[in-house]
Amino acid sequence: MKHFLRVLTQFFVFLYCKCLWRSLKFVVRKFTGSCELQRICYNNKHGARRTHKIESSLRYSKHELLQSALSVHPDKVEKTIDDIMALKKINPDTNPQLGISLQASLLQVVGYRSLVSEVEKLRREPYDCENAEHEEMLLKLWKELRPDTPLTGRISKQWCEIGFQGNDPKTDFRGMGLLGLHNLLYFAEHDKATALQMLQDSLQPKHNEVGKPDWEQKNLDKAIGYSFAIVGINITDLAWSLLVGGALKTHLYNVAPEIPNLLHFQQTFCYLMQEFHRFWIEEDPSDIMEFNRVRSKFHRRILRQLKNPDMALCPHFSASDLHLVNL
C-alpha cells in the first residue's frame, strides 16, 4: 500500500511538472506580460530566495539553453544571460536590472558547482609525507597551535597535544585528505585566539575535584575532554557533507555576492568549529564515546537552520563574534 501511494505521488508530481506547471506559467505570463525569470527577479531580493528559484526555473525549463545555463563556465555567464534575454524576447535597455540580477544569481549557481569540485579535489588528495608542501603545512599547524613549544621530531607523541591520535598525524588525514589540514591551518592562522582557546579547553579532562568553589566546580563539570585536531577533521567532514548535499547553498547564496569560493567554505568551517565547541559544552556528554551522538544532533540542528532561506551562518567572518543571523 505504501509503495502504491509513493508511486501515485510521484506520478502526480511528474504530471504537475510536465503539464500543469508549464500550463500555469503560460497563463501567468499572458496575464502579467512577464516571464517567470522576470517575476522571480522583481519579487525577490538578492540572495538564497532569488537564486534558489532561478536555479529551479532553469533546471526544469523545456529549453535546452536554459537547462545548460546551470553548467556553463563562469567566464561564459555574461554571454549566457544575453542569450537568455534574447530567447525570452526581453529588451535589455528597458530591463537593465534584470540582466544584472540574473547574472549575479547564475554566477552563484555555477560558482557553487566549481566550489564543490575544488573542495572534492582537496578531499581526495591524500597527505604525502614526501611532499615538502604538505609537510610544511603540517609543521606550520604545530607552530600556530604550540608557538612556545618546539617540536622534538616529525614523528612524536607531541602531536597528541594538539589532538591527533598518534605519533604521525598523516594517518588521521586519511578520511578527509588535505582538506582537513587546510581547514585546521586556516582556523589556526585566521582566528588564532579562538583556536588556541578551544585547544586549551579541549585538553581539560572531565573530572570532579573536592573542595573547589561551586562556580569553579561547575566549570570543571562542563570541561571538554576531546581531541582538537580529530574534531576538526570530523567537522571538516560535516562541512563537506553540507556542501555536496546542497544544504550550504542557502548560506553561501546569502553571503557570497557572486561566486562562492574556498575562502567562504573555510570561514564556514571556522564557524562550525566554534558552534560545535559550544554545543558540546551544552550537551555535557559523559565522555568522548558520546561524540557521534552529539555530532549527529549538531548536524541536524545546522540542517534545520539552513532550511530558512534567509539564513547566513557567518555573514561577516570574525570568529570571536560568530553567530547565526537572519539577514
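In the predicted model, V119 touches L179, W240, L243, L262 and F265, with residues up to four places away in sequence not counted; contact means heavy atoms within 4.5 Å. V119 lies in helix 6 and counts as buried at 0% relative accessibility, where buried means under 20% relative accessible area, exposed over 50% and partly exposed in between (1.4 Å probe, protein chains only). The C-alpha atoms of V119 and L178 are 9.6 Å apart in space, and the two residues are 59 apart in sequence.

Residues are numbered from 1 along each chain as its sequence is written. Local features of the predicted model need pLDDT of at least 70 and side-chain atom pairs count only at pLDDT 80 or more, while totals for chains, interfaces and linings use all residues; side-chain values use heavy atoms, with hydrogens and water left out.

The protein chain has 14 helices and two strands. Of the 327 residues in the protein chain, 46% are buried. Among contacts in the protein chain with a separation of 6 or more, 64% are accounted for by residues 24 or more positions apart.

V119 also takes part in a helix contact: V119, L122 and R123 of helix 6 meet G177, L178, L179 and H182 of helix 8. Helix 6 (residues 96–124) and helix 8 (residues 177–190) pack with their axes 3 Å apart, at an angle of about 105°. Axes are lines fitted to C-alpha atoms, for helices over the stretch in contact, and angles run from 0 to 180 degrees between N-to-C directions. Helix 6 is therefore roughly perpendicular to helix 8; angles under 35 degrees count as roughly parallel, over 145 as roughly antiparallel, 65 to 115 as roughly perpendicular and the rest as oblique. Helix 8 has a further crossing, with helix 9 (residues 192–202), in which the axes come within 5 Å at roughly 110°. This pair too is roughly perpendicular. Its contact is made by F187, A188, E189 and H190 of helix 8 and by K192, T194, A195 and M198 of helix 9.

Aromatic pairs were assigned to rings of Phe, Tyr and Trp (its six-membered ring) with centres within 6.5 Å; planes under 30 degrees apart count as stacked, over 60 as edge-to-face and the rest as tilted. The count comes to 13 aromatic pairs. The pair of F276 and F298 is edge-to-face because the ring planes stand at 80°, with the centres 5.4 Å apart. F276 lies in helix 13 (residues 262–283) and F298 in helix 14 (residues 291–306), so this pair ties together parts that are 22 residues apart in sequence. Both residues are buried: F276 has a relative accessibility of 1%, and F298 has a relative accessible area of 0%. W280 and F291 form a tilted pair, 6.0 Å centre to centre with 45° between the planes. W280 belongs to helix 13 and F291 to helix 14, so the parts tied together here are eleven residues apart in sequence. W280 is buried at 1% relative accessibility, and F291 is buried with a relative accessible area of 9%.

The structure holds zero disulfides, a disulfide being a pair of cysteine sulfur atoms within 2.5 Å. For C35, the nearest cysteine sulfur is that of C41, 8.3 Å away. C35 is buried, with a relative accessible area of 2%, and C270 is buried at 0% relative accessibility.

Two loop residues have backbone angles of note. K89, although not a glycine, has a positive phi of about 55°. K89 lies in the loop between helix 5 (77–87) and helix 6, and counts as exposed at 76% relative accessibility. D284, also not a glycine, has a positive phi of about 50°. D284 is found in the loop between helix 13 and helix 14, and at 31% relative accessibility counts as partly exposed.

How values were computed. Helices (H or I, at least four residues) and strands (E, at least two) are DSSP runs, numbered from the N terminus.
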